[in-house]
Amino acid sequence: MTMTGQRPGRAKQGPANRPALSHRLAERGIDKLLLLLLPALLFALVLFVYPFVYGLGLSFQPKTGGLFGAYVKFFTDPSVRGLDSIWVTLQLALPAALLNVLVSVPLAYKMRGKFRGKRALTTVLVIPITLGTVLTAEGLLNFFGQRGWLNRFLGVLGFEPLQLVQNYWGVLWSLIISGFPFAFLLILSYLSGIDPSLEAAARTLGADWKQRFRRITLPLLAPGLAITFCLTFVLAFSVFPSAILVGDPSGSTRVIAYVAYNAWGQQFDYPLASAAAIVMGAVELIVIVLVLIWRSRMYKGSTGGKG
Amino acid sequence: MSIHATSFETLELENVARSFGGQNALRNLNLSIRSGEFIALLGPSGCGKSTALNCLAGLLPLTGGRILMDGKQIDRLPPEKRGFGMVFQNYALFPHLSVEKNIAFGLEMRKVPKAEIKKRVAEAIELVQLGPHATKLPGQMSGGQQQRVAIARAVVLRPPLVLMDEPLSNLDAKLRLEMRTEIRRLHQSLGLTTLYVTHDQEEALSLADRLVVLRLGEVQQVGTPQDLHEHPVNWHVADFMGYRNLLEGVVERAHGEAVTVSVLGTTVTGSAQVPLRAGDAVKVGLRPEDFDIAPAGTAPAGLASIDATVEVVEYQGREFAVEVRSDAGKPLHVRTARHVEPGQRVTLTATQDRVLVFPAELASAPDRAPQLQGAAL
């Protein structure tokens, strides 16, 4: 389309005088740069969308029991005990996520300022990111195990040994260790985004530290806390290796991922395994939606002081 | 009107000092503030003016000296116990609270009864003329409106002292003028004792009853706007007071106050601000408006004159800002109502009493680290 000597009008003077197609597309933010998105799109399609849809389809094709057979089996079959596994996983993931968020807040609060050794301390706090689950589990076994240092030390003092691994506590502790760095780093960045002059202003207006935290910092931080909680919760909810290595996978830490793994690897019931995976996703989604609903009631705008 | 300042008899800063990691950002600040006074701390960035303000607010602990209010030492009190109002450069409004709640915040912290909070907030909103915006969030308002909220939030507490940290520097030129008048009006009607930090000499001159000029953490001069404008104590203060032409020269003859200085390849007679002797290195300060400009050769005889060529002419309403280059190669700034053209040859003259001659050396503490000039605060 060409413009014939006329002022480029805004599509009001009839189709003949409309600006060129590329201009109109550019007005809506569509241009050639969008092509750069293609590889990412392809990647997501091949590695995420397709397997997900495939698994979803698989979960509706059980050998017996009709369309929802696998789901019925997951929730009702006494040998699967799917509902139990959801509770077991929630009981691990919710406290782990909550604790990580709660512990990170005061730490990040202190770590915001400048002080000597800040870099070293941050490194120590974040280093568990680099540890694999297996290494963490090995450490836990060495330290908390039946013959671990802690129990040997307790033995020397004449105490009964504590059962801290191969049960709920071992897995919870492992989840806290692996989830904490994420929670801490996220909250630190959210906190750093809050203009420190806001707290200075609150101080000059007579607010002590409790009032400053409750009335200024916390409301501004809350949306960030919600997001951090969601992320660490999802990380923890998919717990699998530590449930086996430092847990009790046939009993108190029979998590949902283990149920899915069992259905797939032991019973070769792929639809059941898929159903377990879909249920897992659904539970995560429900928790996240609940948290986001809570978050939507908060102030979410800028935290930069200039409003 | 029930918003009025709670006041004090005297507020004394005695040798107040603050250093950061061994570098002195502020040294030996002595100032006695009278109730109801408007004082401006003036200086370039890094001169210690914001440090001084933060020390007074309690946001920075002192590393030396004392602050006394009515004879009571207050420099150990945390900011929340000092009760000074503070207005920040970036407004520092609580972004999640409405205008009303921002203003009510300090009153709530002081456990003022609800009914009184409501009344006083309404008055404060009225005072800064933000009636229709009371329930808005700060993010929905313009910069000028936000700064009004910040001012209302500080003055609603009837503080004995209001500290303002470059409150206008984030506003555009027109708004800055408006708010300047507004601040002056508030100060006059409420009788608020105010300490105002700025790097803008015009702002300081127009607002303050007294000015404190700082350089590298040290007070250069304290005085009324007129004092400083007419009689700066050294070339640094002169520089800040609009003496844009500071020319290096050497004293040739000195007769009491009248000194003859060789500068720009010619000689100029001016008034010495401190006793000077022949041979002293000096800086000659001249304000652009104190020059007389005349076409070359028409200058009245008997006055010291500088020959120059016009380079840039800026039309500024009633007069022209002219940049000329002297025959010795130095650019000079002149303001004149006379119309001149770029390229024109001119002669500049100035009367002796408007040619200020300062020693080139600034008296400065020897242990002062010179690299601090670039430091923040």
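Domain bounds in these legends come from an automatic or database domain assignment. The model is predicted, so local features need pLDDT of at least 70 and side-chain atom pairs count only at pLDDT 80 or more, whereas totals for chains, interfaces and linings use all residues. Residues are numbered from 1 along each chain as its sequence is written, chains are lettered from A and ligands numbered from 1 in the order in which they are written, and side-chain values use heavy atoms, with hydrogens and water left out.

View 1. Chain A is assigned domain 1 (11-59) and domain 2 (69-296). Their C-alpha centres are 37 Å apart. In the contact (heavy atoms within 4.5 Å), five residues of domain 1 of chain A meet seven residues of domain 2 of chain A. The two domains bury about 430 Å², with 69% of that area from carbon and sulfur atoms; buried area is the accessible area (1.4 Å probe) that two parts lose on being put together, summed over both. On the side of domain 1 of chain A, the residues that lose the most area to domain 2 of chain A are Leu56(A), Leu58(A) and Ser59(A), together 86% of what that side buries. One residue pair is in polar contact, both at pLDDT 80 or more. A polar contact is a pair of N or O atoms within 3.5 Å; within protein, one must be able to donate a hydrogen and the other to accept it, and residues adjacent in sequence count only if both atoms are side-chain atoms. The side of domain 1 of chain A that touches domain 2 of chain A has three nonpolar, two polar and no charged residues. Here Ala, Val, Leu, Ile, Met, Phe, Trp, Tyr, Cys and Pro count as nonpolar, Asp, Glu, Lys and Arg as charged, and the others, Gly among them, as polar.

View 2. Helices (H or I, at least four residues) and strands (E, at least two) are DSSP runs, numbered from the N terminus. In α3 (residues 69-76) of chain A, the buried residues are Gly69(A), Ala70(A), Tyr71(A) and Phe74(A). Buried means under 20% relative accessible area, exposed over 50%, and partly exposed in between (1.4 Å probe, protein chains only). The buried residues of α3(A) pack against α2 (38-59), α4 (82-111), α12 (256-265) and α13 (270-296) of chain A.

View 3. Asp269(A) and Lys73(A) form a salt bridge through their side chains (2.9 Å, N to O). Asp269(A) lies in the loop between α12 and α13 of chain A and Lys73(A) in helix α3 of chain A, 196 residues apart. Asp269(A) is buried at a relative accessible area of 12%, while Lys73(A) is partly exposed at 29%.

**View 4. Two salt bridges within chain B.** Glu37(B) pairs with Arg210(B) in a salt bridge whose closest N and O atoms are 2.5 Å apart. The partners are 173 residues apart, with Glu37(B) in the loop between β2 (23-34) and β3 (38-42) of chain B and Arg210(B) in strand β9 (residues 210-215) of chain B. Glu37(B) is buried at 6% relative accessibility, and Arg210(B) is buried at 15%. In the other salt bridge shown, the closest N and O atoms of Arg180(B) and Glu202(B) are 3.8 Å apart. Arg180(B) belongs to helix α6 (residues 173-190) of chain B and Glu202(B) to helix α7 (residues 201-207) of chain B. Arg180(B) is buried at 16% relative accessibility; Glu202(B) is partly exposed at 48%.

**View 5. The interface of chain B and chain A.** The contact involves 27 residues of chain B and 25 residues of chain A. The chains bury about 2,200 Å² between them, 64% of it on carbon and sulfur atoms. In chain B, Glu80(B), His96(B) and Met109(B) lose the most area to chain A, together 28% of what that side buries. Three salt bridges are counted between the chains. One of them joins Glu80(B) to Arg203(A), with closest N and O atoms 3.1 Å apart. Glu80(B) is also part of a salt-bridge network with Arg112(A), Glu199(A), Arg203(A) and Arg212(A).

Terms used: Salt bridge = Lys/Arg side-chain N within 4 Å of Asp/Glu carboxyl O.
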